[in-house]
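Hi,

Here is the model I promised to pass along.

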Amino acid sequence: LGIVKKERPFGDENAKHAIWAICDSFFRFWYRFVPANWSLLQAGMLDIGAERVMRMLPDYMGREFERICEQWLWRMNGHALPFVMLESGYWWGTDQRSRQQEEIDIVAKGDEGAMLFCECKWRNELMGIDQFDKLVWRSERFAALQKTYIMFSKSGFDKALVKEAAARKDLILVELQDICASATA
């Protein structure tokens with residue numbers, strides 16, 4: 001039915017690392033918010049239930065924004081990307097250097113060793129150079145002949161990151177308004 005799917009870290013076929021996730025947006029929203037507010041809804045306290053949902057919505061939207069950004073990448077594939085993507089996904093795992101759990105929101109692979117690494121932030125603050133540096137550090141675990149970095153932000157980018165992007169050919173900055181504009185074009 002396409003409601004749940006087995007997810008593995010990008011590039012990892014080890015069955016031990018797989019997780020089951022709700023992939024249908026309606027069901028994901030329902031199970032995140034409705035059971036937690038069911039007693040309020042049954043009591044007719046819709047205003048209080050809605051207020052609770054609105055408070056939790058920014059946390060929920062983080063993963064949803066990653067999915068939206070990945071869809072945008074596939075729409076732009078062959079047009080605005082430096083190479084044609086052949087596969088994409090989400091990566092998580094333990095970094096051997098820091099011995100901490102790390103993740104990369106979107107990883108994509110193309111022909112001849114080209115890879116794309118993306119950080120997606122659904123926050124009411126500007127994305128900074130520190131997040132780019134962290135993405136570059138995390139991407140070092142992947143061997144690629146050509147690496148491209150895309151930073152997606154709901155609220156934009158600070159001056160240092162904009163300056164860095166202007167000086168590099170491998171860094172692309174995409175704001176929410178850019179994603180929305182391309183969806184209507």
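Two bits of housekeeping first. This is a predicted model, so to speak of local features I needed pLDDT of at least 70, side-chain atom pairs count only at pLDDT 80 or more, and totals for chains, interfaces and linings use all residues. Residues are numbered from 1 along each chain as its sequence is written, and side-chain values use heavy atoms, with hydrogens and water left out.

**The chain overall**

The chain has 5 helices and 7 strands, where helices (H or I, at least four residues) and strands (E, at least two) are DSSP runs numbered from the N terminus. Their order along the sequence is β-β-α-α-β-β-β-α-β-α-β-α. The C-alpha trace spans about 60 × 40 × 35 Å along its principal axes.

Of the 185 residues, 38% are buried; buried means under 20% relative accessible area, exposed over 50%, and partly exposed in between, with a 1.4 Å probe and protein chains only. The chain exposes about 11,200 Å², and carbon and sulfur atoms supply 54% of that area. Accessible areas come from the Shrake-Rupley method with a 1.4 Å probe, and for residues only the protein chains shown count as cover.

If you take the contacts (heavy atoms within 4.5 Å) with a separation of 6 or more, residues 24 or more positions apart account for 54% of them.

On charges, there are 25 positive and 27 negative side chains, and the centres of the two sets lie 3 Å apart. Lys and Arg count as positive and Asp and Glu as negative, while His and the chain ends are not counted. Each charge is placed at NZ of Lys, CZ of Arg, CG of Asp or CD of Glu.

**Helix α1**

α1 covers residues 25–42 and bends by about 50 degrees at Val34, with Pro35 following within four residues. The bend at a residue is the angle between axes fitted to the seven residues ending there and the seven starting there. After the helix comes Gly44, with a positive phi near 80 degrees.

Arg28, Phe33, Val34, Asn37 and Leu40 are the buried residues of α1, and their cover includes β2 (19–22) and α2 (46–76).

Which of these did I look at more carefully? Asn37, which sits in α1. Asn37 counts as buried because its relative accessible area is 2%. A polar atom of the Asn37 side chain lies 2.8 Å from the backbone oxygen of Phe33. Leaving aside neighbours within four places in sequence, Asn37 is in contact with Gly49, Arg52, Val53 and Met56.

**Helix α2**

α2 bends too, by about 45 degrees at Leu57, and Pro58 follows within four residues. Its buried residues include Gly49, Val53, Tyr60, Glu64, Arg67 and Trp72. Ile48 is also found in α2, but counts as partly exposed because its relative accessibility is 40%. Gly78 follows the helix and has a positive phi, near 85 degrees.

**Two loop residues**

His79 is in the loop between α2 and β3 (85–95). With a relative accessible area of 65%, His79 is exposed.

Glu112 is in the loop between β4 (100–110) and β5 (114–121). Its phi is near 55 degrees, a positive value in a residue other than glycine. For context, most residues other than glycine have a negative phi. Glu112 is exposed too, at 75% relative accessible area.

Cheers

Key. Polar contact = N/O pair within 3.5 Å; in protein donor to acceptor, adjacent residues only side chain to side chain.
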